[in-house]
Amino acid sequence: MSKYQSLLVVKEPTGVTEVVMNRPQRLNAMNPIFFDEIRDVFEKLDQDDQTKVVLLRGEGKCFTAGLDLKEIASVVGESEKCAAEQNFQTYKLIKQWQIAFSRISSCKKPVIAAVHSHCLGGGIDLITACDIRLCSKDAIFSVMETKIAMVADLGTLQRLTAIVGKSASRLMVLTGNKFDAEFAYRVGLVSQIYEDKEKLLIEGRKLAQEIAANSALAVQGSKLVLNFSDDHPVRDSLEYVALWNSAFIKSDDLTEAVTSFLEKRKPVFKNKL
């Protein structure tokens with residue numbers, strides 16, 4: 001896989017690939033290059049048969065400080081252009097960055113976010129596009145755009161309510177306050193809290209390996225059905241899963257699951273989407 005300026009991609013033989021935000025000197029702040037690279041990474045991982053699960057984490061002191069406002073301001077604020085051109089350029093950038101994070105949610109491979117210390121602003125946009133979120137006890141979450149007179153525009157307002165509910169999402173968004181790990185766990189933003197970053201990564205990798213040990217056909221199919229169900233009524237979603245299983249249920253993986261159970265051994269799955 002290509003080398004990146006803002007990311008590090010580590011592929012393990014277990015089928016788990018770690019995507020590491022790798023600008024620790026800037027607290028993993030998101031610059032324009034980051035959005036191009038995160039989009040490229042997840043488009044490639046979606047098609048990579050060796051990757052079954054993705055673990056997303058941050059290098060250094062924190063998960064991410066959010067947008068790198070200094071670098072982004074230099075891209076958006078080109079004064080030689082007229083206001084209309086500047087506004088349209090800003091619109092195009094926002095759409096491109098939205099697509100970058102949407103590539104995470106649409107990726108067939110389950111994505112686990114492992115959050116330590118601060119997860120601010122764009123970090124909330126990022127983790128709400130993931131399937132599972134874990135954190136360390138020192139984690140701090142904030143939709144900080146509100147505090148700097150902005151409207152969060154990369155997915156938080158569209159995804160957060162489905163995760164934490166209407167009241168909690170409005171509390172987080174409308175105040176822009178910082179919320180701790182206990183709050184995040186209580187409202188369902190994260191599934192588990194761990195003592196520190198080291199324990200978080202140990203358990204995050206363990207969870208990723210557990211998922212990767214399942215049939216990729218079943219895991220990835222389940223994610224695609226869940227994604228469809230997020231955007232469609234129950235009746236349509238039931239029809240979709242009925243058609244899905246009609247097409248895919250007669251798999252070698254299903255035969256292997258039954259055979260390994262009868263033989264009292266661990267299954268070895270081979271099918272993939």
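Cysteine 62 touches Leu27, Asn28, His116, Ser117 and His118, leaving aside residues up to four places away in sequence. In this predicted model, cysteine 62 sits in the loop that runs between strand E3 (53-58) and helix H2 (69-76). Because its relative accessibility is 5%, and buried means under 20%, cysteine 62 counts as buried. Proline 267 lies 205 residues from cysteine 62 along the chain, and the C-alpha atoms of the two are separated by 38 Å.

From this loop we can turn to a sheet. Three strands form an open sheet in the order E5-E7-E8, and their pairing is mixed. Strand E5 (118-120) and strand E8 (179-180) are the edge strands, each of which pairs on one side only. In general, the strands of a sheet pair through backbone hydrogen bonds, in either a parallel or an antiparallel way. Here E5 and strand E7 (residues 140-142) pair in the parallel sense over 3 bridges, and cysteine 119 stands opposite phenylalanine 141 in E7.

Charged side chains also meet in this model, which holds 17 salt bridges. One of these joins aspartate 40 to lysine 44, with the closest N and O atoms 3.2 Å apart. Both residues belong to helix H1 (residues 32-47), where aspartate 40 and lysine 44 are 4 residues apart, or about one turn of the helix. Aspartate 40 counts as partly exposed because its relative accessibility is 25%, and lysine 44, at 32%, also counts as partly exposed.

Arginine 265 takes part in a salt bridge with glutamate 256, at 2.6 Å from N to O, and in a salt bridge with glutamate 263, also at 2.6 Å from N to O. Glutamate 256 is buried, with a relative accessible area of 15%, whereas glutamate 263, at 47% relative accessibility, counts as partly exposed. Arginine 265 itself is partly exposed, with a relative accessible area of 34%.

Finally, we come to the largest pocket, which holds about 620 Å³ of space. It is lined by 20 residues, of which Ser105, Cys130, Asp131, Asn227 and Asp230 are the closest to its centre. Helix H3 (83-106), helix H5 (156-164) and helix H9 (216-230) are the elements that give two or more residues to this lining, and the largest share, 6 residues, comes from H9.

Technical notes
Residues numbered from 1 in each chain as written. Predicted model: local features only at pLDDT ≥ 70, side-chain atom pairs only at ≥ 80, totals over all residues. Heavy atoms only, no water. 1 Å grid on protein atoms, 1.4 Å probe; cavity = no way out; pocket = protein on both sides within 12 Å on 5 of 7 lines; lining within 4 Å. Points joined across faces, edges and corners; volume = space filled by probe spheres on them. Pairing = 2+ DSSP bridges. Buried < 20%, exposed > 50% of the residue type's maximum accessible area, 1.4 Å probe, protein only. Contact = heavy atoms within 4.5 Å. Salt bridge = Lys/Arg side-chain N within 4 Å of Asp/Glu carboxyl O.
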